[in-house]
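Trainee: I keep getting lost in strands and sheets. Could you walk me through how to read them here?

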Amino acid sequence: MSRGLPTVLLVLLALPARAQSFRVQCPASTITHPNAANNNAEPAYLGPTTLTPGTNGYLVPSANVNGAIKCQQISGGDGYATMGDGTQSYMFSFGPLSGLADIAIGLPGTESPSTFNTTAPAPLQPGDPATTDGMVANTWPGFPLSTAAFNYNGAVGLANDVPNLVSIYDISESGNTVRVVGNAPLGVAVGDHVTISGTDTTGYNGTFTVSSINVANPFFPANYAFTYTNQTTGLAEVTASATATAALPPRLDGHVDPRPIMDVGVMNGNIPAPLMAFDEDDEFFLTLTNVGMIMRPDLFEQHTVHFHGYPNASAFYDGVPDASVAINIGASFTYYYLAPDAGTYFWHCHITPPEHLQMGMVGQLYVRPRQNRVSGDLNAALLAQQGDLRTACRRPLDGATPAVTTATDILCSNPLPAVSTGATGGGKYAYNDGDGSTAYDVEYPLQIHGFDPNFHFVGMTFNPEGFSDMKDKYFLLNGRSYPDTVTPGPLATQTVDGSMHFSQPLSAIINIPAGKKALLRISDLDVSEYQTLASLGIPMKVIGYNAKLLRDQAGNNLYYTTNSITLAGGESLDVILDATGYTAGQVFYLYTPNLDHLSNDAENFGGLMTEVRIN
């Protein structure tokens with residue numbers, strides 16, 4: 001693959017940007033979710049959000065504000081992963097830059113604003129969280145690896161911004177109200193704290209709360225002025241002061257320190273990429289920071305995030321570089337998503353997809369349904385959801401108001417069930433089924449991936465990559481091959497920076513309490529192979545395909561029970577394993593019947609196999 005001309009062009013484009021330009025974004029409130037106090041937890045679903053015109057012309061919520069705000073930060077770079085036969089393989093990788101403690105124990109790294117917008121309690125170390133958790137290079141630790149010491153889930157690098165400060169042109173008082181006119185806009189908002197100081201502004205000096213902004217004045221435009229309340233009265237007006245200033249205190253506003261970003265993000269790639277999960281009606285802010293690839297300094301690789309099969313409202317955030325944006329080394333970009341229908345999706349880099357997917361830039365995400373937040377009758381709740389135009393799925397005689405007479409849209413993804421079962425909420429569900437048929441007790445994301453070790457080797461050694469000869473020989477479940485698939489906790493790999501890194505944090509063991517149900521969120525991101533998984537002993541009930549409930553437009557469930565499923569790259573399935581009638585201590589296998597996919601190349605170890613354990 002020729003890279004000469006694009007490399008030259010990218011070098012020329014990158015020359016002016018000599019400083020790091022990392023940023024992160026996680027607002028505490030938005031137009032859609034205006035009350036910051038309610039955006040750190042999911043509210044109960046009581047009906048569709050109602051909207052009314054706001055003062056700025058936008059529709060704003062007036063009742064039933066559903067969902068919350070979720071945020072995540074990831075790095076784009078490279079790293080290593082350890083295979084079941086002990087081979088260390090070079091990867092192009094995404095890595096975690098938030099939710100590090102959660103990701104290390106196999107949870108999504110998606111956090112609420114109150115968690116995300118916090119600074120690290122101590123300086124982060126290269127290799128964290130593995131370094132703080134006690135992983136030491138050149139040692140073979142026992143399993144499961146310790147993850148107790150590191151407990152920070154905020155945004156890596158987040159730091160207080162420098163204070164914004166302006167000179168005061170005029171400051172005066174009327175009663176208890178002080179008007180401040182700066183020589184430039186300070187950029188304050190109502191409720192901000194502002195510090196007044198100066199040698200000739202005695203009585204005005206101190207820290208106060210801004211009471212109004214955009215104040216009319218005879219000197220400068222209104223946005224140069226603001227007011228606050230002062231208990232001291234009778235102060236004389238001060239004009240054209242030589243020393244008076246107004247300043248905002250240091251605060252978190254998305255500014256990051258590049259040092260911890262590089263310390264943690266470099267060579268910290270995960271396979272699969274950091275897990276993401278959020279809920280219907282959520283707004284999701286995902287920041288991608290490109291830290292560069294240490295093992296390939298000759299490549300000025302851009303990266304993007306593409307949510308595969310996900311109905312984005314705008315192509316700008318879709319990650320396809322032809323219609324979106326690509327992120328250069330040393331830069332950050334925040335993607336915005338409004339959670340669509342529930343289901344299992346996945347994501348990957350869309351720069352040279354055959355190469356970047358093959359090299360490991362693949363991850364999984366899932367959207368939890370509104371039905372998880374319903375406590376009453378599930379059919380009635382799904383009927384109420386038909387009042388939400390974004391997800392409505394109507395048919396004649398469905399009981400919703402106003403009645404419709406036209407046939408259901410063939411793209412309708414979640415029709416009302418044909419029969420009301422009387423099921424009530426309070427549990428966990430894969431979809432808004434309205435009848436409780438997708439209920440489960442525990443869930444496990446399982447990402448199938450395969451790669452060609454020769455392709456990875458030449459990708460690390462500055463040689464031309466042979467796309468026409470690409471042939472997957474290593475086959476992975478959650479970035480692991482057997483027997484690592486049945487190792488609890490994260491796997492650690494030593495990389496060229498001398499540090500241990502949690503390279504494969506997501507275990508593939510399936511533990512089901514006796515008599516309970518497990519939801520398997522299975523996705524396949526292979527580039528060159530179809531993959532089959534078979535279940536011995538516990539049949540698989542398939543309830544969803546490509547993030548769509550298996551139900552016809554008349555409301556009849558089309559679930560089916562099978563002992564094997566086959567997926568191509570770019571497909572997903574939702575499968576329920578029911579352990580009713582099984583006893584604790586039983587062990588079954590989830591494996592591929594394709595015998596050449598049960599090992600890593602010619603080795604005895606590796607392949608698509610894991611265990612289903614009844615607890």
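Mentor: Happy to, and keep in mind that this is a predicted model. Start with a pair: strand β3, residues 69-82, and β4 run antiparallel to each other, with nine bridges between them.

Trainee: Which residue in β4 does Tyr-80 stand opposite?

Mentor: Another tyrosine, Tyr-90. Now zoom out to the sheet.

Trainee: In what order do the four strands of that open sheet come?

Mentor: The order is β4-β3-β13-β15, and the pairing is mixed.

Trainee: Why is one side of β4 and of β15 left without a neighbour in the sheet?

Mentor: Because β4 (88-96) and β15 (332-338) are the edge strands, and each has a single partner strand.

Trainee: Let's move on to β31. Is strand β31 largely enclosed or left open by the rest of the structure?

Mentor: Count the buried residues, taking buried as under 20% relative accessible area. In β31, residues 571-578, seven of the eight are buried, so the strand is largely enclosed by the rest of the structure.

Trainee: And how many bridges link β25 to β31?

Mentor: Eight, with β25 (residues 517-524) pairing in the antiparallel sense. Within that strand pair, Asp-524 has Glu-571 of β31 as its bridge partner. Strand β27, residues 540-545, also runs antiparallel to β31, joined by five bridges.

How values were computed: Residues are numbered from 1 along each chain as its sequence is written. This is a predicted model: local features need pLDDT of at least 70, side-chain atom pairs count only at pLDDT 80 or more; totals for chains, interfaces and linings use all residues. Side-chain values use heavy atoms; hydrogens and water are left out. Two strands pair if DSSP finds at least two bridges between them. Helices (H or I, at least four residues) and strands (E, at least two) are DSSP runs, numbered from the N terminus. Buried means under 20% relative accessible area, exposed over 50%, partly exposed in between (1.4 Å probe, protein chains only).
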